[in-house]
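Q: Can you take me through this one? I'd like to go piece by piece.

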Amino acid sequence: MNNSFPAAAILIVGALLIPFLKGRLKSAYLLLLPVIAFVNVVSIPEGIHWTVGFLDYDLIFGRVDRLSRVFGYMFTIVSFMGTLYALHLKKEDGQHVAAFIAAGSALGAAFAGDLLSFFIFLEMTTIASTYLIWARRTEASYGAGLRYLVVHLFGGLCLLAGILIQAHQTGSLEFGVIGLNGLASYLILIGFGINCAFPALHAWLPDAYPEATITGTVFLSAFTTKVAVYSLARAFPGTESLIWIGAAMTAFPIFYAVIENDLRRVLSYSIINQVGFMVVGIGIGTSLSMNGAIAHAFNNILFKALLFMSMGAVMHQTGKSKATDLGGLYKTMPLTTLFCVIGAISISGVPFTNGFVSKSMILGASANEGMAMLSLVLLFASAGVLHHAGIKVPYFTFFSHDSGIRTQEPPLNMLLAMGMAAFLCVFIGIFPGPLYSILPFPVDFIPYTGTHVLNQLQLVSFSVLAFCLLLLSGIYPAEMRAINIDVDWFYRKGAKGFYRLADRLLGVKVDASLPRVDGTDREVIHGNEDRNIQT
């Protein structure tokens, strides 16, 4: 009976009943929905399911193969963890509903067998994610949510235009391998690329994610970019340009993350860095690199959710998320400290964590293809992520100087969610076999060879040494209250100029109550002292 409904429908329709439930029944229901969806993903047989006729086309809501199923596992597991993490929100039905709609839409996109239904689910994810940003109810979150919505609607328009041209040229809406072969494919790639945070199209991510609610950020970090990774793996495997797009994604966020004071923004830039590894693997297009990209997407959802949950727990207890305001919290939040450290070493690819068993596949694939320059970029990026996410986030949050803050551990449900994610990070790192068994292609890769382990330990050791030397010598960039300018400055200023032009030509007055688009709204959340601008 469970297979009578798509997993997406279980979460989306199920979300509509949440406001009518109360107390323990609501809590049990919230945790049960992703479990039922997970059972659906596990049990449904491969093939085509739930086909609906639309005009002259068939909309397929259940194309099940090994690629779609592994993303189904990802999205249902993180939905359960995120729901458990948010269980203490008794009066925030809107957030619960939006989170499940976002999760269900991501599942729908993963199992969509045609481009039009994929587009519909992608836009549903955008709308639900925008609510999770606005739900924080600050001026900064309203502005960030508006920009997030506009950017993704533009990406959706590019994608829809590409789909319509593709359907006109081929007579089909099939969502399969497309490749770069004309205007339609380039428009589709741009639509996917915006959601994937390609370079110069990425600024929506560090702009919006830190302004979302504490629990909403966990869901945001899991769905939008991972759906985009799925779409690239489905439509553009082996596309050479993705190799260098991905390489750029792994490298440039490091420089922003190093100078960023808001630690949730540091983690947001880190998402771009990690997605870059996945894009590189898809661009290489071999079975090893594709498996590495998908495995890293799976692992990234776990350790990135763990890091965001750790910072969210700190923010929940202290109301702060900046490096300059935190420090010394290991004394009163030892479990949160432990979980954050596990997430940090996992994202850094330390042996016996899940990041090691997936990232080494992508590095190995680049080496097997003789791409020496690419391998150097990926090694630099690996050292960079260890530096900013593996060391900087836990160091300045829990150690560093003593901020004098004395608090306690977050609610039990938050600790349980973090503990679950931390356990999976370590379990998969020690026993990668279960993960390898669900990947799209047969796996003939052994992560724990002497060469792999030694190379990674050397990278970790020298990165830690470099951090310590830079910190002790005073060369390391000081943590300071600042606004760091990214490429979103251009469309913020451009939007402001457009408003002024409309005012002059059409006499249209812009409501002063609307969120500002020139970047000054960020000062509200950072405080009036945030005047020093770094480039």
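Predicted model: local features only at pLDDT ≥ 70, side-chain atom pairs only at ≥ 80, totals over all residues.

Q: How far apart are the C-alpha atoms of Leu416 and Tyr85?
A: They are separated by 7.5 Å, although the two residues are 331 residues apart along the chain.

Q: New topic, charges. How many salt bridges are there?
A: The count is eight. One of them joins Asp65 and Arg234, with 2.8 Å between the closest N and O atoms.

Q: Where in the chain do Asp65 and Arg234 sit?
A: In distant parts of it, 169 residues apart. Asp65 is in the loop between strand E2 (57-64) and helix H3 (66-85), and Arg234 is in helix H9 (residues 214-235).

Q: And are Asp65 and Arg234 buried or exposed?
A: Both Asp65 and Arg234 are buried.

Q: Which residue does Lys331 meet in a salt bridge?
A: Asp402, at 2.7 Å from N to O. This pair also links distant parts of the chain, 71 residues apart. Asp402 lies in the loop between helix H15 (372-398) and helix H16 (412-430), while Lys331 lies in the loop between helix H12 (287-318) and helix H13 (334-347).

Q: What about the cover on Asp402 and Lys331?
A: Asp402 has a relative accessible area of 36%, so Asp402 counts as partly exposed. Lys331 is partly exposed too, with 44% relative accessibility.

Q: Which residue forms a salt bridge with Arg406?
A: Asp402, the closest N and O atoms being 2.9 Å apart. Lys331, Asp402 and Arg406 are therefore linked in a network, given that a salt bridge needs a side-chain nitrogen within 4 Å of a carboxyl oxygen.

Q: Over to helix H1. How many of its residues are buried?
A: Seven of the nine residues in H1 (residues 7-15) are buried, which leaves the helix mostly covered. The buried ones are Ala7, Ala8, Ile10, Leu11, Ile12, Gly14 and Ala15.

Q: What do the buried residues of H1 pack against?
A: Four helices: H2 (23-43), H3, H4 (93-111) and H5 (115-134).

Q: You mentioned H2. Where is Phe38?
A: Phe38 lies in helix H2. Phe38 has a relative accessible area of 31% and is partly exposed.

Q: Which residues make the nonpolar surface patch of about 430 Å²?
A: Phe38 is one of them, along with Leu32, Val35, Ile36, Val39 and Val42.

Q: Now strands. Do E1 and E2 run parallel or antiparallel?
A: E1 (residues 47-54) and E2 run antiparallel, joined by seven bridges. In that pairing, Thr51 stands opposite Ile60 in E2.

Q: How many residues lie between E1 and E2 in the hairpin?
A: Two. Leu55, in the turn, has a positive phi of about 55 degrees.

Q: Last one, the inside. Which residues touch the most other members of the largest nonpolar core?
A: Phe71, Phe75, Phe118 and Leu232, out of 170 residues in that core. H12 supplies the largest share of the core, 19 residues.

Q: What is Leu232 in contact with, leaving aside neighbours within four places in sequence?
A: Leu232 is in contact with Leu189, Phe192, Cys196, Phe198, Pro237, Leu242, Val279 and Ile282.

Terms used
Residues numbered from 1 in each chain as written. Heavy atoms only, no water. Buried < 20%, exposed > 50% of the residue type's maximum accessible area, 1.4 Å probe, protein only. Contact = heavy atoms within 4.5 Å. Pairing = 2+ DSSP bridges. Patch = residues over 30% accessible without salt bridge, like charges linked within 9 Å, V, L, I, M, F, W, Y side chains within 5 Å. Areas by Shrake-Rupley, 256 points an atom, 1.4 Å probe, with all protein chains shown as cover. Core = buried A, V, L, I, M, F, W, Y, C linked by side-chain atoms within 4.5 Å.
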